[in-house]
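Got your viewer open and ready? Let's take a short tour, one selection at a time.

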Amino acid sequence: MGSQAKGRTTLEVGADGIALITIINPPVNSLSFDVLFSLKESYEQALQREDVKAIVLTGARGKFSGGFDITAFGGLQGGKAREPRPGYISVDVITDIFEAARKPAVAAIDGLALGGGLEVAMACHARVSTKTALLGLPELQLGLIPGFGGTQRLPRLVGLSKALEMMLTSKPVKGEEAFSLGLVDAIVPSEELISTARKLALDISERRKPWIISLHRTDKLESLGDAREIFKFARAQIRKQAPNLTHPLVCIDVVETGVVSGPRAGLWKEIEDFQVLLHADTSKSLINIFFAQRGTTKVPGVTDLGLKPRRIKKVAVVGGGLMGSGIATALVLSNYPVILKEVNDKFLKAGLDRVRANLQSQLRKGKMTPEKFEKTISLLDGALDYESFKDVDMVIEAVIENVSLKQQIFVDLEKYCPPHCILATNTSTIDLELIGERTKSHDRIVGAHFFSPAHVMPLLEVVRTKRTAPQVIVDLIDVGKKIKKTPVVVGNCTGFAVNRMFFPYTQAALLLVEHGVDPYQIDRAVSKFGMPMGPFRLIDLVGFGVAIATGGQFVQNFPDRTFKSMIIPLMQEDKRAGETTQKGFYIYDKNRKAKPDPELKKYIEKARSMSGISIDPKLTKLTEKDIIEMVFFPVVNEACRVLAEGIAVKAADLDIAGVMGMGFPPYRGGVMFWADSLGSKYIYSRLEEWSKRYGGFFKPCAYLAERAAQGATLSSPFGVTKSRL
């Protein structure tokens, strides 16, 4: 933030005796230390002035405050804290100056009051809000707990059940709901917000309305007996849903302290536990992911040239299968008019029906009103030829992975689309240069690689060739953001970033199985580590056909480091293809519930006899930690190659891509961040040892070897050797 203007507050005193204090720190008026210290000064001035009867606190430009400035957490973790001592802001300032003031204060909330923003508002003596404003405490998403008294004041304003739900889910409530909960005292249109707040503040100062200190309220708190049940239930749910996380349990403990020992004790426990969590791995990891997600749109040589994204008014999608219909769904949901093209009526109807079904499921879940459904579906048109492509600004091709078919489509697109039209392909395995080989439009050919299901999965890989124009990349990044995806710019190679990084994941698992490790033990360890499912359950889900096709690409392109196993082909010969056939590595009942299959042994034994591998007794006794390392260190190794080859712009892009594309646990910070927490030397030595024993598959790459030799982190840019830990 360094070079930008510092955040501040302003103070204006009106003839009515109201001091209006405004928080100014664009874009969301976050509470940096500059803002907090300025807020304290403005408050003290208002309290000292004889012409001030009461205070109204608000935020500039229609936003109250988005919360504590997250960029400052890094400084706090690095010990460069700007707070005189822990608890200074929460107790000395917010509680003992703001809340205890001799003059009442009313918070006037528009836009958002999140985290520290809501915590400051709760310390005011009343709150007025617009009906669309968002109010919430999302700190747990960063591995922290509210640190400015939120764990104590929220339960006193809305009751324990609702307060715990709001904190544990990190979900904000809209103004209307906040009013019905008692979190705000009035709902008004934004043009009347300040005048209403001023009137309320005067009413309180003249005792026409009650002067209420949030921290001292008890009327909303459940009885002690009920409270015990609520805490017990909340803890049980967290242990079930997030067994690897401790900070949600800490949050419950802190709330409980306030109920049992009083709010002041609760405030001090919050301060103490916040400090511990701030220096723990989980918050460092989640804060890394927070910044990684926001940093993907910075691409040197592309996004720093001053190019503005062009307006995309109409998009065509070629192919109405699972991917095409999912992409079309994502586009219409964000108000893009879409033409879906198929080869015949039957396929076209099926494609359009898929989009309709996707939207209907949103309607059923109450995520969409019937009016919005009609408006959204009306943005979709079908086509059987390219006639209607003459005014499209972007085409996304999503047909089957067949080189000559795609080449022909791109020849046709070049002929029928306007010359400015972006020509994108959703291929996951075919070289983009090959797809555009027969065209003259190399500068506008780009990959738009979605993950399945495309309208749900949050990642978009924007694949550039050496010839893709920066303008085209800027445009696609913009579309990606508008359809609520996180766009990550990657280079053109087999598997791009995510699939390439994770191809060793399934291969390592197969290698371990052939050497005698139980496949179900691997899946259990990997799930426990925090992946949505283990590698074998995943192969069953995507299907053996896809697994073999994509695996084949890697075997062909990286022959020196692929492990070829016959387990899957052997099962395929017996008509097992994964979940769709109800038999793969697991057997599936009609509810898609997976059960281990005793039959699996015979396929493993047969594959072993074909590869000539014998059971390694050392591997049959692997710990969970060993399994995780043997499955994920090859992923780290490949991620290092992706970085060293310049396929990825920066390590943080790989972190967010793995989390969003493969479900790598965000609380471990991403593949590269997690690797750095273990150290490049350690990872190198383990891989080196395994490569001597089990072959070239594990061989550490040059980049990893070099980093280990220097004792450098894997994530730091070249030449920077400082360790992050």
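How many disulfides are there? The count comes to 0 disulfides. Keep in mind as you click around that this is a predicted model.

**Stop 1: some cysteines**

Select Cys640 and Cys701, and show their side chains. The closest cysteine sulfur to that of Cys640 is in Cys701, at 4.9 Å. Is Cys640 buried or exposed? Cys640 is buried, with a relative accessible area of 0%. Now hop over to Cys124, which is buried too, with a relative accessible area of 1%.

**Stop 2: the loop between β2 and α1**

Next, select residues 18-24, which make up β2, and 33-48, which make up α1. The loop between them holds Pro27. Zoom in on the link from Pro26 to Pro27: what kind of peptide bond joins them? That one is a cis peptide bond, with omega at about 5°.

Stay in this loop and click on Asn29, which lies between β2 and α1 as well. Asn29 has a positive phi of about 55°, although it is not a glycine. Is Asn29 buried or exposed? Its relative accessibility is 3%, so Asn29 counts as buried.

**Stop 3**

To get your bearings, colour β15 (445-450) and β16 (459-464): Pro453 sits in the loop between them.

**Stop 4: another positive phi**

Now select Arg592. You'll find it in the loop between β18 (586-588) and β19 (594-596). Arg592 is not a glycine, yet its phi is positive, at about 65°.

**Stop 5: two helices side by side**

The crossing of α14 past α15 is right-handed.

Which residues make the contact? Show these side chains:

- from α14: Arg356, Leu359, Gln360 and Leu363
- from α15: Pro370, Phe373, Thr376 and Ile377

Sorted by class, the contact of α14 with α15 has 5 nonpolar, 2 polar and 1 charged residues.

At 1% relative accessibility, Thr376 counts as buried. What does Thr376 touch? Leaving aside residues up to four places away in sequence, Thr376 touches Val332, Leu333, Leu359 and Met368.

**Last stop: Ala100**

Finish at Ala100, in the loop between α3 (88-99) and β4 (105-109). Ala100 is partly exposed, with a relative accessible area of 48%. Then use your viewer's distance tool on the C-alpha atoms of Ala100 and Ala123. These residues are 23 residues apart along the chain, and their C-alpha atoms are separated by 8.9 Å.

How values were computed. Residues numbered from 1 in each chain as written. Predicted model: local features only at pLDDT ≥ 70, side-chain atom pairs only at ≥ 80, totals over all residues. Heavy atoms only, no water. Helix = DSSP H or I, 4+ residues; strand = E, 2+ residues; numbered from the N terminus. Buried < 20%, exposed > 50% of the residue type's maximum accessible area, 1.4 Å probe, protein only. Disulfide = S-S within 2.5 Å. Contact = heavy atoms within 4.5 Å. Left-handed = near helix turned anticlockwise from the far one by under 90°. Nonpolar A, V, L, I, M, F, W, Y, C, P; charged D, E, K, R; others polar.
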